[in-house]
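I opened the notebook to record, entry by entry, what I looked up in this structure. The entries follow the order in which I went through the topics.

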Amino acid sequence: MTEESTRDGERSSRSRSDGGAFDPVIATDGGSPDEGVVRRDRFSGGPARSFLSSLAADERIFEADLEVDRAHVLMLAEQGIVDDETAGAILTALDAIEVDGHDGLPDGEDVHEAIETAVIERIGEDGGKMHTARSRNDEVATCIRYRLREDVLEAIESTLALRESLLEVAEEHEETIMPGYTHLQPAQPTTVAHWALSYEGAVRRDTARLLEAYDRVNESPLGGAAFAGTTFDIDRERTAELLGFEGVVENSMDASSSRDFLLETVQALSTHATTLSGLAEDVIIFANRGFVDLSDDYSSTSSIMPQKKNPDTLELVRAVAGDAAGAVQGLTTTLKGLPRAYNRDLQRATTHAWETVDAVTEASEVAAGAVATADWNEDVLAAEAGEGFSTATGVADLLAANGLPFRTAHEMVAVAAETGGDYDALAAAAEEVLEEPLESYVEPAAVEEALDPAESVASRNSQGGPAPDAVGDQLESAREALAEDETALTEADDVLENAHQQLRSEVNDYV
Ligand code: ARG
């Protein structure tokens, strides 16, 4: 995983301006010393400067850093640590820096340093007061959490869209019979609705895991400083509130150095990607068997074989699970054994999260679209549903319901399976295994019914089963759960939007 490739982070030429080669000693960080610009050339990284830099990858947290700076400066002013005039000047500079964008930043080891330098360039030495009572360690942790919240909400939204697609398929195909498989061998007939709901249930748990991860991302480390807090009388609850966090990570060493929130998020995303990969594989197999036609929008063709229509989008969805599992591994290995408190290894931990959240969210959106637009071929499905004596279990159940021990019934039906699995085969097997005519156990009409795939499905009405009534109940609880999760998402979105508006209006009192 490379730190330059992020979803909305175009590669900035800045940190690799030398094309990746080591840069000799840096003499300036963008301003002239007599304008009061802080010079950091004492420990600038020397030849390893570009190796040290996260500025390009930090484009992802450019906006987040500006918001974190604003909240921090407001709090410093409210606490009387910085005077209102200085706070106003810094806040005004931050607005101008936002307009210039990430690409307009001066050089710096990371976005935090570059923005601070830009503030100092604009308003002089007083700009350095912005960094009172904090460190880049709590700052970067806050920025990551701030940005990741939005990304996790977007990922959650993609899971909800997928659930909606699956529910629509289920609602449309409550009675569409299809073959069900175990070991990829025909097993028992089921319905398209029952299949779709099986994935809806799994994605519902994926949503729940992401919502839980969100709660732990949504805590503010700001004010933890380097790790040991600060001598200044700061108000951590206030900055948390201004940034829309649910609370603070209390212990300052924990706040500045922990990244378990990244790991939990990436793990939840990886689990979702694994669910998606199974769904994708099923649809790929169904397309192969002519059960389903993917829409052209989600298919691709061959550059040489004109007749081909390939399920490439779903193959890529399937592959994302590999990337996500790799990110869990990379992140875990990076974090494993790191001592307290901050270590620079953490810089390389962050990019695993950006890459994973982008890839998995996109895969989830694509899966939702592919499922929503696919056409199910009901005739092909019905014809296939009874193949391979898939109603055998139902026949054994029928015999067991009429007094035969299930194990004996299983044995008898297995014998019938060898010779074609139809009524005649069952009659012959009864004579052979039970030494009694089949009619002495069950009515012939009941056997014929059990052999019919649609009747077979209708008879499996246990809770969660494929019979239309049981599917109706599942649809109802799935709809309720989806509505609840949609409300949770809207509420979380609103908290963030309101905090953003509130922060803006408080800043406006100073600028
Ligand atoms: N850019 C760093 C990161 O992403 C944050 C800076 C902390 N640097 C330091 N030397 N303590 O983690």
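**Annotated domains**

I began with the record, where an unreviewed UniProt entry carries the annotation "domain: Argininosuccinate lyase C-terminal" for residues 389–458. I note here that what I am reading is a predicted model. In that model the end C-alpha atoms of residues 389–458 lie 17 Å apart, and the span is 70% helix and 0% strand. The unreviewed UniProt entry also gives the annotation "domain: Fumarate lyase N-terminal", which covers residues 56–326. For residues 56–326 I found the end C-alpha atoms 22 Å apart, with 62% of the span in helix and 7% in strand.

**The ligand and its surroundings**

Next I asked which residues are around the ligand. I listed S54, D110, R136, N137, V140, Y342, R344 and Q347. Helix α5, which spans residues 136–172, supplies the largest share of this shell, namely 3 residues.

For D110, an N or O atom of the side chain is 2.9 Å from a nitrogen atom of the ligand. The side chain of Q347 likewise has an N or O atom at 2.9 Å from a ligand nitrogen atom, while a polar side-chain atom of Y342 lies 2.5 Å from an oxygen atom of the ligand. The ligand taken alone exposes 340 Å², and the protein buries 85% of that.

**Backbone entries in two loops**

I noted that the peptide bond from R340 to A341 is cis, with omega near 0 degrees. A341 is placed in the loop between α10 (312–335) and α11 (345–373). I also noted A133, which is not a glycine and yet has a positive phi of about 65 degrees; this residue lies in the loop between α4 (111–123) and α5.

**The hairpin**

How do strands β1 and β2 run relative to each other, parallel or antiparallel? I found that β1 (residues 177–182) and β2 (residues 185–191) run antiparallel and are joined by 6 bridges. Together β1 and β2 form a hairpin with 2 residues between them, and H183 in the turn has a positive phi of about 55 degrees.

**Aromatic rings and charges over them**

One aromatic cluster is formed by W195, Y199, F286, F291 and W376.

Which rings have an arginine over them? I found the charged end of R145 over the ring of F261, at 4.0 Å from its centre. R149, in turn, lies over the face of F245, at 4.2 Å from the ring centre.

Note on methods. Residues numbered from 1 in each chain as written. Predicted model: local features only at pLDDT ≥ 70, side-chain atom pairs only at ≥ 80, totals over all residues. Heavy atoms only, no water. UniProt positions renumbered as here; feature names shortened; annotations may be inferred. Helix = DSSP H or I, 4+ residues; strand = E, 2+ residues; numbered from the N terminus. Phe/Tyr/Trp six-rings, centres within 6.5 Å; stacked < 30°, edge-to-face > 60°. Lys NZ or Arg CZ within 6 Å of the ring centre and 35° of its normal. Pairing = 2+ DSSP bridges. Near = heavy atom within 4 Å. Polar contact = N/O pair within 3.5 Å; in protein donor to acceptor, adjacent residues only side chain to side chain. Areas by Shrake-Rupley, 256 points an atom, 1.4 Å probe, with all protein chains shown as cover.
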